[in-house]
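Hi,

Here is the structure I promised to pass on. Have a look at it first, and then read my notes below.

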Amino acid sequence: MGVSVLSKNYLKDFCVYLEVERNFSGHTVRAYHSDVLGFLIWLDNVDAQEVNHSKVKEYLAFIQKFNYTKTTISRKISAIRTFYRYLYRERVIDVNPINSIHSPKKNKTLPKFLTNAEIEQILNNIKIDTPAGFRNRTILELLYATGMRVSELSDLNFESLNLDENEITVFGKGSKERIVLISTRAKDFLQKYLKLVRKMIPLPSLPVDETPDSPVFINKTGYRLQPQSIRVALKDIVQKIELPKVVTPHVFRHSFATKLLENGADLRVVQELLGHASISNTQIYTHVSTERLKSVYDKTHPRA
């Protein structure tokens, strides 16, 4: 099985379009590339512009045997649909063969979140007597205080920080810029990290830059700390304290949003802080808050 030369060129140009014109993140571009490439490989030398509606349905029937989740199938359909919309825009094709194909309905699941006690248990069990440990504590303090995505935190540069105003500029999905606010506690950790700890993390022989475009969080080689490293550090902490939950950086984001709504924050404000394009994405946290209220009521009300 292979991919035709013409289809390879279409895919290459498509990825450039996503990155340059659509401002998609590198992670998203790679995911779209992977999903579309899988489809093109399956076509086996059939050029992309020769595909019709029936061929797409045949491919979707083929991938069913792999027991992908609905989320994964929806992502693959979205990637292929976007690819063919690009080809239609470029007038390579006259009809989009995937236009009438719908993604499977996803099972609605409420976001997982942590209680205040669980958050404090995690934070207080990070050893901050080492540079890497202090950095990791600072990172988790920031994730909980701001609701940033882990990729947004990894991408922070010095020019992103406006600590005099307790503000940080982040670039979310589609490179959309927004301002997040930082608590006094998280700010104190961040300032100590920047002034005392950051320069101690790389090997002694490596210089540490502090220019506007230098990364805020670095690894032992002096390069930008990647999201996966943050996920691994958090997983190690959770396993050490034997917390009976799966905790990821995104759970910190969910916890941030849930706490704001529980304490009376306006839904539109939470939407802005999270960087959601649609308020419908934020509304799911109202369901989390409602479920939590019901749980507390059932446990504490004498007539419940």
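**What I found**

Let's start in the sheet, where Thr169 stands opposite Ile179 in β3. Bear in mind that this is a predicted model, with local features needing pLDDT of at least 70 and side-chain atom pairs counting only at pLDDT 80 or more, while totals for chains, interfaces and linings use all residues. Residues are numbered from 1 along each chain as its sequence is written, and side-chain values use heavy atoms, with hydrogens and water left out.

β2 (residues 167-171) pairs with β3 in the antiparallel sense over five bridges; two strands pair if DSSP finds at least two bridges between them. The open sheet has three strands in the order β1-β2-β3, with antiparallel pairing. β1 (161-162) and β3 (177-181) are at the edges with a single partner strand each, so one side of each has no neighbour in the sheet. Helices here are DSSP runs (H or I, at least four residues), as are strands (E, at least two), numbered from the N terminus.

On to the helices. α2 (residues 26-43) packs against α3 (residues 53-63) at an angle of about 105°, with the axes 11 Å apart. That makes the two roughly perpendicular (65 to 115 degrees; under 35 would be roughly parallel, over 145 roughly antiparallel, the rest oblique). The axes are lines fitted to C-alpha atoms over the stretch in contact, and angles run from 0 to 180 degrees between N-to-C directions. Asp35, Gly38, Phe39, Trp42 and Leu43 in α2 meet Lys55, Val56, Glu58, Tyr59 and Phe62 in α3, where contact means heavy atoms within 4.5 Å.

α10 (residues 249-262) is largely enclosed by the rest of the structure, because 11 of its 14 residues are buried (under 20% relative accessible area; exposed is over 50%, partly exposed in between, with a 1.4 Å probe and protein chains only). Among the buried ones are Arg253, His254 and Lys259. Just after α10, Gly264 takes a positive phi of about 95°.

Leu18, in α1 (residues 5-20), is buried, with a relative accessible area of 0%. Beyond its neighbours within four places in sequence, Leu18 touches Asn23, Phe24, Val29, Tyr32 and Thr82. Asp155 sits in the loop between α7 (150-154) and β1 and is partly exposed, at 46% relative accessible area. Asp155 and Thr71 are 84 residues apart in sequence and 26 Å apart in space, C-alpha to C-alpha.

Cheers
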